[in-house]
There are 2 protein chains.
Amino acid sequence: MKRPGRVPDSPFWVEPGDIDPAGGRLHLSPEESHHLLRVFRASAGTPFEAIDGSGLLYRCVLEETERGIAVGRVESKVEESGELPLELGLLVGLPDMAQVESILTHAIPLGATSIDFFGAERSSQGALSAQKLDRMERLSRSALKQSRRSRLPALRSSTGLGAALEGILEGGEKYLADPGGEEGLGLLGDLKKTGQSHGIIAIGPPGGFLEVELEQLRSRGFRAISLGPSRLSTSTATFALLTVVRNLLLIHRLPRVDKTGLSGYL
Amino acid sequence: MKRPGRVPDSPFWVEPGDIDPAGGRLHLSPEESHHLLRVFRASAGTPFEAIDGSGLLYRCVLEETERGIAVGRVESKVEESGELPLELGLLVGLPDMAQVESILTHAIPLGATSIDFFGAERSSQGALSAQKLDRMERLSRSALKQSRRSRLPALRSSTGLGAALEGILEGGEKYLADPGGEEGLGLLGDLKKTGQSHGIIAIGPPGGFLEVELEQLRSRGFRAISLGPSRLSTSTATFALLTVVRNLLLIHRLPRVDKTGLSGYL
């Protein structure tokens with residue numbers, strides 16, 4: 001007896017070019033098709049979801065299978081599905097690859113919209129190679145799908161802090177994690193006044209920022225925040241500052257919440 | 001030519017029984033002695049620090065070496081070194097071991113004072129075995145040293161939520177992460193009024209809490225908080241809720257900050 005398939009609980013990735021221009025049908029890549037058809041044993045009529053990283057979630061029904069490729073009929077689209085109404089940019093002094101992967105795994109579900117792993121003065125290597133960046137891009141897509149977000153964060157690896165700062169948007173609330181900075185809670189009052197929807201945080205590499213880098217950040221309007229009396233790794237500091245800034249920016253704006261499919265934690 | 005040793009930047013672990021009752025001398029375990037004497041090439045007069053997990057940091061100078069064991073003379077003690085003036089208890093529905101390790105690695109530097117990985121209804125296994133708990137205990141000590149904290153969190157693995165709730169302290173601000181809960185920022189107003197120094201957070205296992213568990217938590221005073229429109233893993237949700245509650249509890253109390261040795265991130 002053939003067991004019935006489960007309905008997939010995470011969206012599938014679809015390349016933007018694989019959605020027909022009228023938006024009525026889409027086809028998945030061979031890899032994603034295999035996942036839908038074999039792992040989930042989908043058959044004609046099985047509902048599934050797809051994202052292309054642009055902020056749209058496509059609710060589909062499996063229409064047919066063409067030589068192992070799943071073709072879906074788009075029933076409806078949800079804009080900005082799973083997205084916060086915030087821009088959250090991360091400038092992270094490049095740590096080792098284990099920390100890079102950990103940051104992507106946790107910071108993407110928490111809503112990061114751009115991440116630049118820049119080669120800081122104390123980073124043990126320069127910018128990430130194209131191959132490594134490509135591997136990180138795949139990890140980002142996977143984190144996006146698992147977290148049911150729909151807009152793929154921009155991923156960069158600048159050669160240094162100067163280049164990283166050229167890539168950030170103007171304006172926004174800017175904070176840097178610095179053990180010698182103010183206590184984290186000092187930032188609360190100011191944020192309540194600004195009502196910004198755009199935060200940029202800068203985290204030092206293992207060993208921390210050099211004074212010249214701190215000065216560069218301060219002159220661009222970054223405010224130094226201490227995250228407490230203990231010593232944090234680059235990744236832990238990233239989670240702590242991201243979460244605090246994200247939460248504080250949300251004080252004045254309720255997120256566009258689409259709770260569909262949010263039955264619990266992964 | 002013998003290269004000079006580096007001064008160790010993380011404290012060493014010392015068993016409470018290996019500190020002489022008057023507190024003037026201590027000796028490290030064979031493993032920690034090896035690390036100090038071989039990796040850091042310490043010799044008589046080299047300064048180092050030690051913690052025993054009770055909240056005291058011992059500033060020492062290497063006095064002598066007895067058959068491979070480092071003996072330190074205690075020069076001074078620092079109370080609650082690296083500690084927040086907060087109790088932060090975590091009840092985490094047991095996830096897979098990779099997530100357990102990730103939670104210890106990041107939540108201990110962020111100041112967790114107790115962690116119970118309890119067997120929740122949707123956990124794929126019951127409580128952690130004694131062997132696994134023992135391995136987690138070693139990982140906790142390592143996270144404590146790296147983060148320069150001095151008080152070892154209590155580590156437990158209760159068989160279920162009921163048993164976990166029996167183990168928590170009375171009082172405190174209690175929050176549970178629930179995709180169907182209020183938006184996270186709702187909690188801000190209340191905390192400003194209470195000025196509590198004790199927070200307890202509950203995070204569901206992969207798949208989330210069952211309704212009966214949510215009801216059990218609510219009846220014990222836990223307030224359901226949504227962490228946003230995306231789906232988070234148990235570990236990501238733990239970091240997010242811990243950081244927000246930690247920061248909000250700190251609004252009314254400046255931490256006892258000892259910045260010595262905080263030259264940057266790991």
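Biologist: In what order do the five strands of the open sheet in chain B stand?

Modeller: In general, strands of a sheet pair through backbone hydrogen bonds, and the pairing is either parallel or antiparallel. In this predicted model, the open sheet of chain B has the order E1-E3-E4-E5-E2, with mixed pairing. Strand E1 (12–13) and strand E2 (25–27) of chain B are the edge strands, as each pairs on one side only.

Biologist: Which strands of the sheet does helix H1 of chain B touch?

Modeller: Helix H1 (residues 30–39) of chain B packs on the sheet and touches E1, E3, E4 and E5 of chain B. The direction of H1 makes about 90 degrees with that of E5(B).

Biologist: Do strands E3 and E4 of chain B pair in the parallel or the antiparallel sense?

Modeller: Strand E3 (residues 47–51) and strand E4 (residues 56–66) of chain B are antiparallel, and five bridges pair them. Opposite B:Pro47 stands B:Val61 in E4(B), and opposite B:Glu49 stands B:Arg59 in E4(B). The hairpin of E3(B) and E4(B) has four residues between the strands, and B:Gly53 has a positive phi near 85 degrees there.

Biologist: How many bridges join E4(B) to strand E5 of chain B?

Modeller: There are 10 bridges between E4(B) and strand E5 (residues 69–79) of chain B, and these strands run antiparallel. B:Arg59 has B:Ser76 as its bridge partner in E5(B). In the hairpin of E4(B) and E5(B), two residues lie between the strands, and B:Arg67 takes a positive phi near 45 degrees.

Biologist: At what angle do helix H2 and helix H7 of chain B pack?

Modeller: Two packed helices are described by the angle between their axes and the distance between the axes. For helix H2 (residues 97–107) and helix H7 (residues 234–249) of chain B, the angle is about 20 degrees and the axes are 9 Å apart. Angles under 35 degrees count as roughly parallel, and H2(B) and H7(B) are therefore roughly parallel to each other. Their crossing is right-handed.

Biologist: Which residues make the contact of H2(B) with H7(B)?

Modeller: From H2(B), the contact is made by B:Gln99, B:Ser102, B:Ile103, B:His106 and B:Ala107. From H7(B), B:Thr234, B:Ser235, B:Thr238, B:Phe239 and B:Leu242 take part. By class, the contact of H2(B) with H7(B) has four nonpolar and six polar residues, and no charged residues.

Terms used. Residues numbered from 1 in each chain as written. Chains lettered and ligands numbered in written order. Predicted model: local features only at pLDDT ≥ 70, side-chain atom pairs only at ≥ 80, totals over all residues. Pairing = 2+ DSSP bridges. Contact = placed C-beta atoms within 7 Å. Axes fitted to C-alpha atoms, helices over the stretch in contact; angles between N-to-C directions. Parallel < 35°, antiparallel > 145°, perpendicular 65-115°, else oblique. Left-handed = near helix turned anticlockwise from the far one by under 90°. Nonpolar A, V, L, I, M, F, W, Y, C, P; charged D, E, K, R; others polar.
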